[in-house]
Structures are given as C-alpha cells and as structure tokens.
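Here is a short report for a first look at a structure. Have the sequence and the model open as you read.

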Amino acid sequence: MPIQDLKDQIARLPEQPGVYLWRNATGDTIYVGKARVLRDRVRSYLAAGGLSPRHEALVDEIASVEVIVTDSVMEALALENNLIKQRTPKYNILLRDDKSYPYLQLTTSETFPRILVARRVEKGGDFYAGPFLPAKLARRTMTLSHRLFGIRSCNEVITGQRGRPCLEYDIKRCVAPCVAEICSETTYQEAVASTKLLLEGRNEELIATLRGRMEE
C-alpha cells in the first residue's frame, strides 16, 4: 500500500482502546500491539524518528493495518497477549522484552507445595493459574495465599525436623510444615487444597470448605 494510502487509512482509525495488527505485502501479521488510543498509537509509527534497526525493519515492511476495538485497555491487554500466542508475529518475537504475563505456580509435584510466580507453564505436574492481567495481580494473589492459608514460598527441603519455624511463621505468612509438631502433612495439604480453590476462582466451594473446618 502506498504510504499516502496508509496515512489516509490511519486517519480514519477510531480514537478508542484496542489492538492493532501490522501486515506485510503478503497479508501476514508481522506485529501485534495494544493502544489506549488506536489512531494516535498507530500514527506514531510513521512519525517516529531515531528508531532502532529492528523497528526500522518493521516499519519498512508494513503494508496495511487492521485494528480491533475493545471496551477497555485491560481487554486490549488480554487480546494482544492471545493474538501474539496464536499468530507468533515475527517482530513481536524480535522486539519483545519479556512482556509475557505471569502465572502462579503451585508446585503440587512436591510433597509440601510452594506457590511461586512463573513466566510460563512448564510440564512436570504442577498446577498453574493465570495469566494475570495486570501482572501485579499475581503477586497480590500470592500474598493473599500466604496470609489466608500459610502456603510456603521458601526453597527449603521439608522433613518436619526443623527445630523451630522461621520468621514467616512468626508473621503469619506460613503454617510451618518444616516443624511437624506445628503443622502435619495432612494439615498442610488442606491449606494447599484451599489455595487451589482460590486460584481456580471456586469461591463458593472455598467458603463452604472453610466454614466446614470452622465447625469441626
């Protein structure tokens, strides 16, 4: 598409949040991005100066643009992430700076599972929840699991033979499975089960489970 035709197309773009897809001359999607204001963001590509060589290569290859309007920036974030995974545009791969959204990993392959922030889902039997948008929601949820259920995040090998629990127990962020006299494996597995319900969003079932334990 001639540059003037592309500029005319951009001038007609909506001033709303959404996702834009740059295509090359053969119609392949070469880059997917998100925008708070689609017209302004897309227009900035043609007006930008001092670009890196990779950005210049992207701009040189652009032939057309497609946009998808969303109701919010948050929705645009989620759609951008999904489209990149589906289409793997080459310039998203070349230009990315680890913008993948985080997951929470419950290491259920371990006897005493931990909860961790993970950037990708790996094989191995662990439970994953996510991705979390915005990313800070992952850490907030992990903190909540510590405070509500005492799930550990340390790397210690748990044998139950520790002489005394660490500071995490003292500040009520861990139920101390490292000390068997304080927390048995059965008790810890109940905490793990509750954490999994939280991560799966099964809130009514979680509330019923907690009520049942309180009534025991």
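The notes below cover confidence, the sheet and a pair of helices.

## Model and confidence

This is a predicted model, in which local features need pLDDT of at least 70, side-chain atom pairs count only at pLDDT 80 or more, and totals for chains, interfaces and linings use all residues. Residues are numbered from 1 along each chain as its sequence is written, and side-chain values use heavy atoms, leaving out hydrogens and water.

The chain has a mean pLDDT (the predictor's confidence in each residue, from 0 to 100) of 87. Of its residues, 93% reach 70 or more. Confidence is highest in strand 1, at 95, and lowest in helix 5 (residues 90-95), at a mean of 75. Helices (H or I, at least four residues) and strands (E, at least two) are DSSP runs, numbered from the N terminus.

Three strands form an open sheet in the order 2-1-3, with antiparallel pairing. Pairing requires at least two bridges found by DSSP. Strand 2 (29-35) and strand 3 (64-69) each have a single partner strand, so one side of each lacks a neighbour in the sheet.

Strand 1 (residues 18-23) pairs with strand 3 over 6 bridges. Gly 18 lies opposite Val 69 in strand 3. Helix 2 (residues 38-47) packs on the sheet and touches strand 1, strand 2 and strand 3. Contact means heavy atoms within 4.5 Å.

## Helix 6 and helix 8

Helix 6 (residues 136-149) meets helix 8 (residues 185-200) through Thr 141, Leu 144, Ser 145 and Phe 149. On the helix 8 side, the partners are Ala 191, Ser 194, Thr 195, Leu 198 and Leu 199.

How values were computed:
Axes are lines fitted to C-alpha atoms, for helices over the stretch in contact, and angles run from 0 to 180 degrees between N-to-C directions.
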